[in-house]
Amino acid sequence: MDQNNSLPPYAQGLASPQGAMTPGIPIFSPMMPYGTGLTPQPIQNSNSLSILEEQQRQQQQQQQQQQQQQQQQQQQQAAVAAVQQSASQQATQGASGQTPQLFHSQTLTTAPLPGTTPLYPSPMTPMTPITPATPASESSGIVPQLQNIVSTVNLGCKLDLKTIALRARNAEYNPKRFAAVIMRIREPRTTALIFSSGKMVCTGAKSEEQSRLAARKYARVVQKLGFPAKFLDFKIQNMVGSCDVKFPIRLEGLVLTHQQFSSYEPELFPGLIYRMIKPRIVLLIFVSGKVVLTGAKVRAEIYEAFENIYPILKGFRKTT
Amino acid sequence: MPGGGRCPGCGSSELVEDSHYSQSQLVCSDCGCVVTEGVLTTTFTDEGNLREVTYSRSTGKNEQVSRSQQRGLCRVRDLCRVLQLPPAFEDTAVAYYQQAYQHSGIRAARLQKKEVLVGCCVLITCRQRNWPLTMGTICTLLYADLDVFSGTYMQMVKLLGLDVPSLCLVDLVKTYCSSFKLFEASPSVPAKYVEDKDKMLSRTLQLVELADETWLVTGRHPLPVITAATFLAWQSLRPSDRLPCSLARFCKLANVDLPYPASSRLQELLAVLLRMAEQLAWLQVLKLDKRSVVKHIGDLLQHRHTLVRKAFRDGTAEMDTQEKELQGQEQGQGQGQGPSEEDVGSSPSDLPAGKRPASPALLLPPCMLKPPKRVCPTPPVSTVTGDENISDSEIEQYLRTPQEVRDFQRAQAAGQAAMNVPNPP
């Protein structure tokens, strides 16, 4: 992107666009056009949440209505049918790629469409309880792979970085550039930053257990160098995962419908930055369908975030 | 000059604006008393005489505005004027700068960041009013680094919670194309290279729309695509004279910088056009290549919607169903088209099976069509628990032997000594 610094500056920007004050609908946005030419309105986060709360309330109301109707007809089948109706209601709501999946609600369900509820419960359908706690979700079948884990640990004693750099083979120390020793071990292949206060950062592991093992090995090395190192407060600070949905994504469309969460600046970065609120994960979505998820403290957050984003991405699959 | 002031000496109101050399003075015409003496020695009494006072001694309501903020606001206004923006933009940009300055993180930032912040405010204002301004332009005007600009811009958008729409491609095409100096003959631009602005603009817009449809715009910087499209549009309007001209020469003629990715965008666009040309039977027999397809861009653009649908298939669809559907489509189109599509429609249905148009290619972004640079092997499932025993020998391999330590210390000392030896006089 460095070469783009030399892009035409004056020639491009100074000519006044014709009819600048009368914005037309842009040709290239496949989705609904953004409200053009209006005074800028900063986002009110409370507004978006209240809209979603309303949607949830509407969903619940519809579920209740459906349940009441069914219970009037048949008692026993009502229990099963109501669950299926509410589940399918959520399916039709969730299937539209435009509702932002803020809360970790149920994703697409495999319940039959409304209007095809069986009159008698078939032996295959389980007698699920009325409250749809965890309906069967149609998972994407793709599992994000963990690529990097960052963890910290406190060795509990002051360290002399010069000694460590002198007596360890795998250490580098350049106090003018950075105030820590950079140490590397081969198995698991990781890098550690060891500070004179005794705190250590371990990066590069592919799983939580590997990160813990690597941190322990670094602590052992420091121990063998003569310091009374302990292993206190080991904590995973960040986890990065990546996966591929295997279809191209219209990033311009995604930023239009999910503008509160997305940031897409092709002049700066080719990917779209999606800041999911629940779970609090940042996703980098690229046009090739590759997704990078970061900011997680536990593995489940990465999986949850991907399950939340997958239906949204599928919604943009067939757009020209 | 009647201004309501009175001479403190004689009380007359006959004050005259006079200047002593270059210093402006207010003098009483009756007694000659100098009432005020310009900005160098103003005091509160001067202000009482309704003369101008230095800002720092005034009783202005904006005492909260610091010097650096004033400078920034002034810069915002200057930048808006340099870019010749409508007057309404200036006020919005100034408001954004003031809003940003409320945050302590911005107030305590370095001057470099504050200068870049000026550009961010102007950019956000332009984006929200659909004025096509690229970040490259602003960075060049501010002599700023794009990395610094991008960091400050993202921070500002997040801090103020702003909703910034995407760059409007149509407007960008119009302004950018208008800046090409090809619409009038000049000593550097021969007559055969001069082109009509409207024709070039409309053709460029069609080409950019085609690029957007075929995944050449998503995820990329918009400007190189537009440069490539403008070049193709210009070439295709008079191919016989303009085919020998290269992209670099074209940009030099038009007095526009050539962005580095433009040549690869050009190749991608030509590849798309070639695929579309394969669907037209009379072009199929010509066996076009990347140079000769330029002559037929006009025809290809006229039928671009149909051709794209026929030439490409959805990257995720099944191959069998799509091919059958396309064959059916061709025959159906051969009969049901209007006069403009006659030549397109009639030929495919008459051709024997051997001369059928090429089977559709995948409509995917170029990054998905290229083979992966390196195949990432799936990592083996690790059975590490994190609590294994760590053998001493494994740790020993990371420690230096005493001999190594001595050697290393000696080498370090020698290196230090070599550095400390003073240069001979």
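Helices, runs of H or I in DSSP with at least four residues, are numbered from the N terminus. With that in hand, here are some exercises on this predicted model.

**Exercise 1.** Find where W215(B) sits, and decide whether W215(B) is buried or exposed.

*Solution.* Start with the chain trace: W215(B) lies in the loop of chain B between α9 (197-213) and α10 (222-237). Next, check the backbone: phi is about 65 degrees, a positive value, although W215(B) is not a glycine. Finally, apply the cut-off: buried means under 20% relative accessible area. W215(B) has 4% relative accessibility, so it counts as buried.

**Exercise 2.** Explore the loop between β8 (272-276) and β9 (281-285) of chain A, where R280(A) is placed.

*Solution.* First, P279(A) is found in this loop, and the peptide bond from K278(A) to P279(A) is cis, with omega near 0 degrees. Then turn to R280(A), which is exposed with a relative accessible area of 72%.

**Exercise 3.** Explain why helix α16 (residues 304-311) of chain B is largely enclosed.

*Solution.* Six of its eight residues are buried, so the rest of the structure largely encloses α16. Among the buried residues are R304(B), L307(B) and K310(B).

How values were computed
Residues are numbered from 1 along each chain as its sequence is written. Chains are lettered from A and ligands numbered from 1 in the order in which they are written. This is a predicted model: local features need pLDDT of at least 70, side-chain atom pairs count only at pLDDT 80 or more; totals for chains, interfaces and linings use all residues. Side-chain values use heavy atoms; hydrogens and water are left out. Helices (H or I, at least four residues) and strands (E, at least two) are DSSP runs, numbered from the N terminus. Buried means under 20% relative accessible area, exposed over 50%, partly exposed in between (1.4 Å probe, protein chains only).
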